[in-house]
Amino acid sequence: MFGTAQKVRILGHLPAVVSGRGPSELPEYFADRARWRFVSFDEAVSNMHETYTIALAQFGTANPQARARPNLILMAGWSEERGRPECWVMDSGSEAAGPQQIMNTCAPLSPELIGRLVAMGLSGGMASFDPSRDGLRVMRAQRDLRFPHPVSGEKQPALGGFCQHTVITADGITTRIVERWPAAQAA
């Protein structure tokens, strides 16, 4: 479960997807490079820092007037080397020098959101979390909160448009829209 402003980009020939938060073009630059450069998810993960750096440079060239702001790129896929699904993230706000494997992230992080999730009985970690059962509940809890937009400061939902459920296995990727929100409510 990962809350982002952008939906997933399937990498096609790789059993992997890319998503992100921050400038909307950044995940697309990242995904574009990963699509044509790598032959496996494991290779893409091992080169994630370089791909992220190049995507940031491409974004800067295409948007010279853009104000630098926090961003995050997430890549999830099936590791053939380790025989399991994995999720890796590059976070501009992190002190980490390179990609960090994560198990789950709920964003944006806020005490109010955490309180709502605890009240819903969703504080047991990944062992008790079922994406099909609990995912939409988490997304709705995030949707109900309002956060300041990073540029305008205007309060708006952290999520908008639709909730998408994507499953990655050794055999492929499936994705479906679980719920849509009216355009007037889109973030």
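**Entry 1: charged pairs**

I started with Arg-82 and Glu-81, whose side chains form a salt bridge at 3.3 Å, N to O. For the notebook: I call it a salt bridge when a side-chain nitrogen of Lys or Arg lies within 4 Å of a carboxyl oxygen of Asp or Glu. This is a predicted model, so local features need pLDDT of at least 70 and side-chain atom pairs count only at pLDDT 80 or more, while totals for chains, interfaces and linings use all residues. Residues are numbered from 1 along each chain as its sequence is written, and side-chain values use heavy atoms, with hydrogens and water left out.

My cut-offs are under 20% relative accessible area for buried, over 50% for exposed and partly exposed in between (1.4 Å probe, protein chains only).

Asp-42, Glu-81, Arg-82, Arg-84 and Glu-86 are linked in a network of salt bridges. The salt bridge count comes to 11.

Next I looked up Arg-9 and Glu-28, whose side chains meet in a salt bridge of 2.9 Å, N to O. This pair links distant parts of the chain: Arg-9 is in strand E1 (residues 9-10) and Glu-28 in helix H1, 19 residues apart. Helices (H or I, at least four residues) and strands (E, at least two) are DSSP runs, numbered from the N terminus. Arg-9 is buried, with a relative accessible area of 11%, whereas Glu-28 is partly exposed at 33%.

Asp-134 is buried at 2% relative accessible area, but Arg-137 is partly exposed at 31%.

**Entry 2: helix H1**

I checked the length of H1. Its 13 residues should span 18 Å at 1.5 Å a residue, and the end C-alpha atoms are 18 Å apart, which agrees. The expected span is 1.5 Å times one less than the number of residues.

Which residues of H1 are buried? They are Leu-26, Pro-27, Phe-30, Ala-31, Arg-33 and Ala-34. Seen down the axis of H1, these buried residues fall within an arc of 165 degrees, so they line one face of the helix. The arc is that of the directions from the helix axis to the C-beta atoms. The cover over the buried residues of H1 includes E1, E2, H3 and E3.

**Entry 3: strand E3 and its partners**

I moved on to E3, which is mostly covered, with 8 of its 8 residues buried. E3 pairs in the antiparallel sense with E2 over 6 bridges and, again antiparallel, with E4 over 8 bridges. I count two strands as paired if DSSP finds at least two bridges between them.

Leu-74 is buried, with a relative accessible area of 6%. Leu-74 and Asp-91 are 17 residues apart in sequence and 8.5 Å apart in space, C-alpha to C-alpha.

**Entry 4: the nonpolar core**

How many residues does the largest nonpolar core have? It has 20, and those with the most contacts inside it are Leu-11, Val-18, Phe-30, Met-48, Ile-73 and Met-75. Strands E2 (16-21), E3 (72-79) and E4 (84-91) and helices H1 (25-37), H2 (41-46) and H3 (48-62) each supply at least two residues of this core. By core I mean a set of buried Ala, Val, Leu, Ile, Met, Phe, Trp, Tyr and Cys residues joined through side-chain atoms within 4.5 Å.

Last look-up: Leu-11. Leaving out residues up to four places away in sequence, Leu-11 touches Ala-16, Val-17, Val-18, Ala-31, Ala-34, Arg-35 and Met-75. Contact here means heavy atoms within 4.5 Å.
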